[in-house]
Amino acid sequence: MSETLVVVGSQWGDEGKGKITDYFATRADMVVRYQGGNNAGHTVVFGGNKYSLQSIPSGIFNPATVNVMGNGMVVNPVSVCEELDRLHSRGITDYKLFISTRAAMVMPWHAMLDGAYEEQKGKDLIGTTKKGIGPAYADKYSRTGLRMGDLLEPDYFRERLEAALEVKNMELKMLGLEPLDADAVYEQYMKLAERLAPMITDTSRLVNDALREDGQRVLFEGAQGMMLCIEHGTYPFVTSSSPSASSVPVGAGVAPKWIRTAVGVAKAYCTRVGSGPFPTELHDEIGDGIRERGHEYGTVTGRPRRIGWFDAVVGRYTAELAGITHWAVMLLDVLSGLDTIKICVAYDLDGRQIQSPPSTIASLSRCKPVYIELPGWKEDITGIKEFDNLPENAKAYVRKLEEITGVPVGMISVGPDREQTIIVDPELNKF
Ligand code: GDP
Ligand code: IMO
Ligand code: MG
């Protein structure tokens, strides 16, 4: 039997998925990204070095691991090449990377439109990463998009490009932007194709072959977080894909029977970048302190992240929807030093207590968190390797998160480094 594990963001992104994926990737035969694109920023820290990945899977540092960018992703070939250059300049040259022929391709007009739509929204802007993710997924679903495999068939690529540009140029002009020249885009993308062609293949074949092989370990790396999910998140302040473990079968091209264990990555508090409701948001010095101690500034855009208390309403909701079997509680070290710590256990909506997020942001914006308060701890916990050695109040906090969300904590992270990881449930070591 092969083993699989899904790493899912369970809040608003940036929970530490890169760190957890890298932790398991050291023993994975394959790491597969199944949604999103270079809107992601996944940080991996080991051996005194820090790396930031956007669309390349976090298993890239292990030469023996096969890394797959699945069909559910939107792939920007320019950004993949830049990312590879950055890795090469840091000495990461020995790796295995494959890109799905069926992955949607991000084209130059996507980022232009992303920026223009945001501008049109004025103060109601989503605060996207402006990488063209929404417009690229929109083209995919309106069946006008180009795909990575098109790069392998230049005549077909040209045909699809010209057909797309006929409409896209009208839209660009309407928005006051410069139309694009088909020849120039063709030349640019054919050049990128020279480099990427050896990596572009039928990746679901690769993943299924691995899954069928005894003893293979296949890790699925989610991007973003469940509250940014296009289906279940705080719509319209969401991204354009679904990070759920339920997206793995579609986004990687495998049967649902392979998905059993999903680690929900959750900060010990909450953060959010970009606009949209955030019930437990802190606008005080406690939030500022957490931002500084946790270095909470975006990996992709450098924007300061908004900070809030742990939201167990979100925790219960996303655990159920994303199929989370274990929590990885991240950045617990950042809470050291606080006198008391709050956990949101319900929302008060117009005087009524509710247990799950309402569907509209109009209602969600009116939700007031109902808190319980726990005593904090002062000790530096960044060197602790065993759950039992954590301060009593830290242990009680973690146990409380389990109790309120109904999902066991499988692991705890007490620092950015690969080594600063505590395995709580030995079951996870099976992977
Ligand atoms: P991702 O998008 O989910 O992979 O998360 P990001 O990499 O965008 O953001 C997580 C940040 O927290 C990164 O800077 C990590 O290096 C850092 N980090 C991860 N785990 C820990 C932890 O346990 N403690 C601290 N202090 N930092 C952590
Ligand atoms: P990782 O994988 C945090 C947010 C953006 C914006 C909204 C839509 O690093 O956790 P998009 O560019 O996707 O159309 O933006 O989603 N967003 C993220 N926030 N982490 C991410 O990825 C994100 N990817 C998108 O800030 O609010
Ligand atoms: Mg990130």
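D209 is partly exposed, with a relative accessible area of 38% (buried means under 20%, exposed over 50%, partly exposed in between, with a 1.4 Å probe and protein chains only). D209 makes a salt bridge with R212, 2.8 Å from N to O (the term means a side-chain nitrogen of Lys or Arg within 4 Å of a carboxyl oxygen of Asp or Glu). Both sit in helix α7 (residues 203-212), 3 residues apart, or about one turn of the helix. Helices (H or I, at least four residues) and strands (E, at least two) are DSSP runs, numbered from the N terminus.

A word on what you're looking at: this is a predicted model, where local features need pLDDT of at least 70 and side-chain atom pairs count only at pLDDT 80 or more, while totals for chains, interfaces and linings use all residues. Residues are numbered from 1 along each chain as its sequence is written, chains are lettered from A and ligands numbered from 1 in the order in which they are written, and side-chain values use heavy atoms, leaving out hydrogens and water.

**Salt bridges**

The rule gives a count of 22 salt bridges. Here are a few of them.

| Pair | N to O distance |
|---|---|
| D183 and R158 | 2.6 Å |
| R366 and D350 | 2.8 Å |
| D22 and R418 | 2.7 Å |

D183 belongs to helix α6 (residues 182-196) and R158 to helix α5 (residues 154-174), so their pairing ties together parts 25 residues apart in sequence. D350 is exposed at 57% relative accessible area, whereas R366, at 38%, is partly exposed. There's also a network of salt bridges that links D14, K267, E296 and R305.

G41 is buried at 10% relative accessibility, while D14 is partly exposed at 22%.

Q11, W12 and K19 supply 22% of the area that domain 1 buries against domain 3, more than any other three residues. The rule finds 2 salt bridges across this interface.

Technical notes: Buried area is the accessible area (1.4 Å probe) that two parts lose on being put together, summed over both.
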